[in-house]
Structure formats: C-alpha cells, structure tokens
Amino acid sequence: MEKNQIRTAGVVIKPHAPNIEEVLRGLMRGLEDRHIACLLEDVAARKLSLKDGIPREELPEKVDLMIVLGGDGTLLSVAHLAAQRDVPVLGVNLGGWAF
C-alpha cells in the first residue's frame, strides 16, 4: 500500500443520532465512489439491516481509517482503540456540542 493511501475505512456511529441511517448511507456511497471499502461496526450494520457488521474493538486492525459519526463520547470511545493500532480517526459531529 502506498503511504497515506486509504483502501478501507471503518465506520462507527452514535445509534440514536438524528437521521443516522441517511447519513450512513450517504457516507457509504461516497466511499464507494472513491473505491474505498467500507466496514461497518455491528451497530451501524444493524441500523441498515445488514448482517456483516464487525465489533467496534476489532475494526482498527482491519482498516486504514476510522470514521466516527456521532458526538464526543462516540469519538472518544474509538480514539483509544484506533490509537493502539496507529489508525487515524475522522470525527463527524452529529451532536449539538463538541470539544
């Protein structure tokens, strides 16, 4: 893999965020358009009635980038896991407040 090339992104969500299904589908389309494979955490997969979700703790070992759709708590829960594997995290704040 070329340095800094993203081939696979893992997606983690705040399940009760407003319009999360719509946001998640849009993100998946955008990644697909860029030829980036998308792995969903199990909670995100269930939101879309998919059965191929991956436990949050296992995502960082399988991806080049973690994308978090949620708030501060969701981001912090992923940051620790991603840091252990030196995987960058992209946070998309869907809440009203943020750090």
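A: A term to begin with: buried means under 20% relative accessible area, exposed over 50% and partly exposed in between, using a 1.4 Å probe and protein chains only. Helices (H or I, at least four residues) and strands (E, at least two) are DSSP runs, numbered from the N terminus.
Q: What sort of model is this, and how are residues numbered?
A: This is a predicted model: local features need pLDDT of at least 70, side-chain atom pairs count only at pLDDT 80 or more, and totals for chains, interfaces and linings use all residues. Residues are numbered from 1 along each chain as its sequence is written, and side-chain values use heavy atoms, leaving out hydrogens and water.
Q: How many residues of S3 are buried?
A: 6 of the 6, so S3 is largely enclosed by the rest of the structure.
Q: Which residues sit on which side?
A: Leu65, Ile67 and Leu69 are on one side, with Met66, Val68 and Gly70 on the other. In a regular strand the side chains alternate between the two faces of the sheet.
Q: What does S3 pair with?
A: S1 and S3 run parallel, joined by 5 bridges; two strands pair if DSSP finds at least two bridges between them. Gly10 has Met66 in S3 as its bridge partner. S3 also pairs with strand S4 (residues 89–93) in the parallel sense, over 5 bridges, and there Val68 stands opposite Gly91.
Q: OK, now the core. How many residues are in the largest one?
A: The largest nonpolar core has 16 residues. Such a core is a set of buried Ala, Val, Leu, Ile, Met, Phe, Trp, Tyr and Cys residues joined through side-chain atoms within 4.5 Å. Among those with the most contacts inside it are Val11, Leu31 and Ile67.
Q: Which element gives the largest share?
A: H1, with 4 residues.
Q: And what does Leu31 touch?
A: Setting aside neighbours within four places in sequence, Leu31 is in contact (heavy atoms within 4.5 Å) with Ala9, Val11, Ile36, Cys38 and Ile67. There is also a second, separate core of 9 residues, including Ile54 and Met66.
Q: Switching to Glu41: buried or exposed?
A: Buried, with a relative accessible area of 1%. Glu41 lies in the loop between strand S2 (37–40) and helix H2 (42–47).
Q: What does its side chain make a polar contact with?
A: The side chain of Arg56, at 3.2 Å. A polar contact is a pair of N or O atoms within 3.5 Å; within protein, one must be able to donate a hydrogen and the other to accept it, and residues adjacent in sequence count only if both atoms are side-chain atoms.
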